[in-house]
Amino acid sequence: MEQLINITELNLPHLEMLKNQLDQEVDSMYVPGKLHDVEHVLIDVGTGYYVEKTAEDAKDFFKRKIDVLTKQREKIQPVLQEKHTMKQVVMEMMSQKIQQLTALGAAQPTAKA
């Protein structure tokens, strides 16, 4: 069943309710829409704040954001690889110790009561 809603006629509480509803159904719902102003967009700049920008300014914003995230990833990636290698070494050492303890336990004679 299709329901048409003109969001320009909704007050703030109704818009928030609609947004929460859409957030919950975002994986399985698509909402067709029409843009009246394609030159200006709202972008989410974090922690629930939105800023109106021109489409070109929004593209520049997201390019800068991608650059920052790419640089952060490049800094973190070697550290993650090192930690992964250290984890593998520790796991291997633990496995060897378990094998040694298992072999040691099997080699000891059992106590007779």
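**Fold and local features**

Author: From the N terminus on, the protein chain runs α-β-β-α. This is a predicted model, in which local features need pLDDT of at least 70 and side-chain atom pairs count only at pLDDT 80 or more, whereas totals for chains, interfaces and linings use all residues. Residues are numbered from 1 along each chain as its sequence is written, and side-chain values use heavy atoms, with hydrogens and water left out.

Reader: How many helices and strands does the protein chain have?
Author: Elements are DSSP runs numbered from the N terminus, helices being H or I of at least four residues and strands E of at least two. On this basis the protein chain has two helices and two strands.

Reader: How many bridges join strand 1 to strand 2?
Author: Two strands pair if DSSP finds at least two bridges between them. Strand 1 (residues 40-46) and strand 2 (residues 49-54) run antiparallel. Isoleucine 43 stands opposite valine 51, and glycine 46 has tyrosine 49 as its bridge partner. The number of bridges joining strand 1 to strand 2 is six.

Reader: Which residue takes a positive phi in the hairpin of strand 1 and strand 2?
Author: The hairpin has two residues between the strands. The phi in question is near 45 degrees, and the residue that takes it is threonine 47.

Reader: Why is the pair of phenylalanine 61 and phenylalanine 62 edge-to-face?
Author: Rings of Phe, Tyr and Trp (its six-membered ring) pair if their centres lie within 6.5 Å; planes under 30 degrees apart count as stacked, over 60 as edge-to-face and the rest as tilted. The count by this rule is one aromatic pair. The ring centres of phenylalanine 61 and phenylalanine 62 are 5.2 Å apart, and the pair is edge-to-face because the planes stand at 80 degrees.

Reader: Is phenylalanine 61 buried or exposed?
Author: Buried means under 20% relative accessible area, exposed over 50%, and partly exposed in between (1.4 Å probe, protein chains only). Phenylalanine 62, at 36%, is partly exposed. Phenylalanine 61 has a relative accessible area of 16% and is therefore buried.

Reader: What percentage of the residues of the protein chain count as buried?
Author: The protein chain has 113 residues. Leucine 15, in helix 1 (residues 12-24), is partly exposed at 32% relative accessibility. For the protein chain, the buried percentage is 4%.
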